[in-house]
Structures are given as C-alpha cells and as structure tokens.
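Visitor: I'm new to this one and would like to learn how to read it. Could you show it to me and walk me through?

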Amino acid sequence: MFGKLLKNDLKAQWFSVSAIYFCALIAVVICEIGANVLKEEKQVVLCGGGVCLALLVASVTTLITVAIMFNNTMFGKAGYLTLTLPVKMNSLLASKTLSGLIWIFSIYALLIGSLVLWLYQIKAILGDQMTDTIDNLLEIFGVPSVRTITIGVIIACILFAAIILLLVQCMYFALTLSQIKPISSFGKFGTIVLFFALMGGLLSVSGTVSDILPLNIIISETAILFTSDPTLVDGTMNFRLTGAIFNIIASVILQFPMAFLINKKINLK
C-alpha cells in the first residue's frame with residue numbers, strides 16, 4: 001500500500017516540479033552552449049558558475065514548492081480526500097515526506113555534481129603548475145590545499161543533506177501546528193515563526209549534542225579520519241558527524257507528533 005501511495009504522490013507532484021526542472025534545464029543548456037561557443041577561459045568559468053547558480057535557485061524553489069504541495073494536499077481542498085484514505089497516518093506522512101525528498105535530493109544531487117565538475121573545470125584551466133603554486137600559497141597561510149578543500153566541499157554537501165531532511169520535517173510540522181487554534185489565527189506569519197523557532201531550536205540542540213558526544217570526520221592531505229578528538233591541526237578540515245546523526249533521528253521522531261496532531265486535533269474547514 002505504501003508503494004501505491006508513494007507512486008501517486010510522485011505523479012501528482014510531478015506537474016508542479018517539472019516546471020522547475022524544465023526552467024533549470026534551459027538555464028543549464030544556455031550556459032553550456034555559451035561555454036562551447038566562447039571557449040575563452042574566463043567565460044567558460046563564468047558559464048560553469050552559471051550552471052551552479054541555476055541549479056541552486058532550482059533547489060531552493062523546489063524546497064518551497066514541496067512545502068506548498070504538502071500544505072495543499074493535507075490541509076487544502078484536496079485534504080478532504082487525502083485524510084479519508086484507508087491508510088495509517090504515519091504511512092501517509094512518510095509517503096509525503098519521501099516523495100518530497102526525492103524531488104529535493106534529485107535537484108540537490110545535480111547541484112553537487114555541477115559544483116564538482118566546475119571545480120575540476122577550474123583546475124583543468126589553471127593547469128597542474130598553477131595548482132601547485134596555489135597549494136604552496138595556501139600552505140604558507142595555513143590553509144588546506146585545493147584537493148583537500150574540494151573533498152571537504154563534497155563531504156559538506158553530503159552532510160548538509162541531513163539538514164535538508166530536518167528542514168523539510170520542520171516545515172511540515174510548522175504547517176501542521178498552524179492548523180490548530182489559537183496558532184491558526186496568526187496565519188502564514190505564525191507558520192513562519194514556528195518554522196524558524198523549531199528549526200533553530202533543534203539545530204541548537206544538535207550543536208550541544210555534538211559538543212557532548214563528539215564524532216568528527218577529519219580530512220588531511222593524506223587521509224580521511226574518523227575520530228572523537230575535535231582538535232584541529234594545520235592543513236585539515238573538520239566536520240561533525242554527531243550533528244548529522246541527530247538531525248536524522250530528530251526528523252524521524254517529528255513524524256509521530258505530526259501524525260497524532262493530524263489525527264486528533266485538526267478539522268479541515
């Protein structure tokens with residue numbers, strides 16, 4: 001049954017997200033054509049940056065669109081049909097969450113891929129000799145090399161996916177709470193305040209948990225290490241894994257109070 005729910009959600013949502021994907025595709029094609037036509041190093045780099053920018057805008061737009069679709073299908077006119085489906089509320093919410101994340105992470109994966117290709121494009125234009133010179137300059141100032149920074153950016157993007165998951169769940173939870181009196185009387189303003197308060201609170205707790213139970217991934221010039229020692233040394237980049245794990249767990253837990261509120265406390269107008 002869950003498979004059918006997910007399939008129908010993806011079909012229904014495709015109409016909204018396809019327009020975003022199509023606009024992003026047009027922007028990417030224009031940038032790529034520009035890069036192939038101009039063939040000058042500066043223009044090629046700018047076109048590569050344009051691709052990344054287009055996909056970044058598409059990612060943010062997709063995130064907002066997913067929130068709007070959730071609100072419309074759960075608490076709008078379509079909510080009368082959605083909430084009468086003979087399925088458990090947890091399954092219904094899981095389907096909405098997973099379908100939304102599929103669209104978000106699809107465009108986000110393209111963004112990461114374009115960013116990686118852009119960095120390698122810049123490196124290819126600079127050449128090995130120039131890259132070595134930049135590495136030497138970075139080493140003088142105690143900054144990681146280009147290679148280390150590139151790996152760090154990729155890992156940071158992957159860990160950021162946990163924050164996106166938490167962000168989506170906080171949006172859904174804020175939209176759910178905004179349907180309950182007296183919060184509903186504040187309208188969209190109340191929803192926005194609830195979202196930022198919930199997101200900020202959970203990220204604050206995430207940081208505290210990371211301090212208490214440190215688990216870090218450290219990227220050095222020669223290796224990638226997992227350690228509980230948060231001490232940084234020159235030429236390394238440090239990322240907290242505990243926070244990402246907490247964000248994932250918190251996202252799953254938020255599903256249950258949401259299901260309870262929709263089942264017991266919300267009456268559609």
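Visitor: In what order do the elements of the protein run from the N terminus on?

Guide: They go α-α-α-α-α-α-β-β-β-α. That comes to seven helices and three strands. Keep in mind that this is a predicted model.

Visitor: What share of the 269 residues is buried?

Guide: Buried residues make up 41% of them. As for contacts between residues at least 6 apart in sequence, 74% join residues at least 24 apart.

Visitor: Now the helices. How do I read two that pack together?

Guide: In general, you describe two packed helices by the angle between their axes and the distance between those axes. Here, take helix α6 (residues 187-212) and helix α7 (residues 241-264): their axes come within 9 Å and cross at roughly 135°. An angle over 145 degrees would count as roughly antiparallel, but α6 and α7 are oblique to each other. The crossing of α6 past α7 is right-handed.

Visitor: Which residues of α6 and α7 meet?

Guide: From α6 you have Leu202, Leu203, Val205, Ser206, Val209 and Ser210, and they meet Thr242, Gly243, Phe246, Asn247 and Leu254 in α7. Sort the residues of this contact and you get six nonpolar, five polar and no charged.

Visitor: And aromatic rings, how do I read those?

Guide: The general idea is that a pair of rings is described by the distance of the centres and the angle of the planes. In this structure the count comes to six aromatic pairs. One of them is Tyr108 with Phe160, a tilted pair with 6.2 Å centre to centre and 45° between the planes. Tyr108 sits in helix α4 (residues 89-140) and Phe160 in helix α5 (residues 146-177), so this pair ties together parts that are 52 residues apart in sequence.

Visitor: How is the pair of Phe195 and Phe196 arranged?

Guide: That pair is edge-to-face, with 5.1 Å centre to centre and 65° between the planes. Phe195 is buried, at a relative accessible area of 14%, whereas Phe196 counts as exposed at 56% relative accessibility.

Visitor: Which residues form one aromatic cluster?

Guide: Look for Trp14, Tyr21 and Trp103; they form one cluster.

How values were computed. Residues are numbered from 1 along each chain as its sequence is written. This is a predicted model: local features need pLDDT of at least 70, side-chain atom pairs count only at pLDDT 80 or more; totals for chains, interfaces and linings use all residues. Side-chain values use heavy atoms; hydrogens and water are left out. Axes are lines fitted to C-alpha atoms, for helices over the stretch in contact, and angles run from 0 to 180 degrees between N-to-C directions. Helices (H or I, at least four residues) and strands (E, at least two) are DSSP runs, numbered from the N terminus. Angles under 35 degrees count as roughly parallel, over 145 as roughly antiparallel, 65 to 115 as roughly perpendicular and the rest as oblique. A crossing is left-handed if the near helix is turned anticlockwise from the far one by less than a right angle, and right-handed if clockwise. Contact means heavy atoms within 4.5 Å. Ala, Val, Leu, Ile, Met, Phe, Trp, Tyr, Cys and Pro count as nonpolar, Asp, Glu, Lys and Arg as charged, and the others, Gly among them, as polar. Rings of Phe, Tyr and Trp (its six-membered ring) pair if their centres lie within 6.5 Å; planes under 30 degrees apart count as stacked, over 60 as edge-to-face and the rest as tilted. Buried means under 20% relative accessible area, exposed over 50%, partly exposed in between (1.4 Å probe, protein chains only).
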